Every structure is written in structure tokens, then in C-alpha cells.
Amino acid sequence: MKKVLSLILALTMLLTLNVGALAADTTDAVDSGITLSHTSINILPGKSFVLVPTLTPNTGWEITWTSSDTEVVTVDDKGVLTAVKVGKATVTAAGKDNAAVSASCVVNVVDESQYEGVPVQSVKIPYNATVRVGDTKKLTAEITPANATNKTIIWTSYYEDVAIVDEDGNVTGVSIGEGRIRATSEDGNHWDECVVKVIGEDAPAIKVDNKYVPGETVQRRNIK
């Protein structure tokens, strides 16, 4: 009987340790679940900028956005921040159900005299494009003015299961469907989007892609 009780006790302790280890592993995975496209940006008063979160896992998340100083920077529930006045604030994205899981971006709102160089005024890319599964197509951003000091573009794909994009704007079709690519000026002032249709390898010939019309007003879409 003592041997049986000892065996049961040993099995119980082993099960408890395994459950504890699994719980710890799960917590570690969740705690590394949010990163932002930028950890710091400089922006002019009155300008807006979108912070793009990357979530792990990438489904089932709800995010709460906050600003440490809303008199300097405000942020909405889509991660769109707006510079109000010169100053410094921190914008944070946190899990709605677990605020301990978070990521932050330091926002420096600077005036024209503090801004080094010539700021970007607009960014435009084709408003739609088509690519076959497995093929790659390059998107080119038109930056205004042409003599802008910082012409670096941050490329982001919202539906990486459909299409992915690299740091040079090369879009690769992953699966049939419709994706969305965003080009954002690194100085934090402007962005534009392209709807990417990914078709099968045996689909009919691709039509000529629509391009932006010089001088048009770019429609900015909200993140869904």
C-alpha cells in the first residue's frame, strides 16, 4: 500500500511540475507578443503617422492605445497618432486583456526650425497592382519634394498570408486573394497604400496595373 501511495504522490508531483512548465512557456510566448513598426519618430505639429503593430500570435488580439501626454500627441484606436504641439510623449500599444503585454514608441514633436533638412511632403505608390502566386513585383514610391532629405520608405504588408513585401518594395504573391501594402516615409509624415490582387499561376493574363494620377488626392484607408 505504501508503494502505491508513493507512486501516486510521485505522479501527482510530476504532473504539477509539467503543468507549471507549460504555463510558464505560455506566459513567455504571450509576453513577447507585441512589437511596433517604430520605436521612435520625429514629427511636425499637425502631422499624423500610423504605428503598425506586429502581434504574436497574429489572431485574437485587441489592442488599447494610449499616449503619455495627449497635449503633445494623441492616438486613436487604430494606432493613428497626431502631433499636437512641440514636445515629447510615449505612445503605447497594450493587450486589452493583458496590459502587461505592450510595446512603445517615443514621439518627438519638433517645429520647422528643429527639423533637420527638407521634410517629406507626400508619398504616392500605385493604388492597385496584380501579381501571380510565387511571382514578385516591385512597387516604387514617388516622394515629394524630390530634394527631401530622408527618402527612406518603410514597407508593410497587412496580410502576409496573401502577399509579403521586402524593404525595397518588392511584393511577392503568397496565396490567392487580396492584400494591402503600405509605404510610409521614415520621417513620420506621410504614407500611401496599394491594394494587391494575388492570382493563381494559371489565371488569365494580368491587366495593366492602375497607377496614381499626378496631382490627385490620395485616399487614406483606415486599418481594419
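Buried means a relative accessible area under 20%, exposed over 50%, and partly exposed in between, with a 1.4 Å probe and protein chains only. By that scale Lys96 is exposed at 52% relative accessibility, and Glu62 is partly exposed at 48%. The model is predicted: local features need pLDDT of at least 70, side-chain atom pairs count only at pLDDT 80 or more, and totals for chains, interfaces and linings use all residues. Residues are numbered from 1 along each chain as its sequence is written, and side-chain values use heavy atoms, with hydrogens and water left out.

The side chains of Lys96 and Glu62 form a salt bridge, 3.5 Å from N to O; the term stands for a side-chain nitrogen of Lys or Arg within 4 Å of a carboxyl oxygen of Asp or Glu. Lys96 sits in the loop between strand S8 (87–95) and S9, and Glu62 in the loop between strand S4 (53–55) and S5, so far as sequence goes 34 residues apart. Strands (E, at least two residues) and helices (H or I, at least four) are DSSP runs, numbered from the N terminus.

The count of salt bridges comes to four. Glu193 takes part in one with Arg180, at 3.2 Å from N to O. Because Glu193 lies in strand S18 (residues 191–199) and Arg180 in strand S17 (residues 177–185), this pair ties together parts 13 residues apart in sequence. Glu193 also meets Arg182, where the closest N and O atoms are 2.4 Å apart. Arg182 is in strand S17 as well, so this second pair ties together parts eleven residues apart. Glu193 is buried at 1%, Arg180 at 8% and Arg182 at 1%.

Strands S2, S9, S8 and S5 form an open sheet in that order, with mixed pairing; two strands pair if DSSP finds at least two bridges between them. At the edges are S2 (40–43) and S5 (63–67), each pairing on one side only. S2 runs parallel to S9 (residues 102–109) over four bridges, and Ile41 stands opposite Val107 in S9.

Strand S16 (residues 170–173) is joined to S12 (residues 136–138) by three bridges, antiparallel, with Lys137 partnering Val171. S15 (residues 163–165) also pairs with S16 in the antiparallel sense over three bridges, and Ile164 partners Thr172. S15 and S16 form a hairpin with four residues between them, and Gly169 in the turn has a positive phi of about 85°. The covered face of S16 holds Val171 and Gly173, the uncovered one Asn170 and Thr172.
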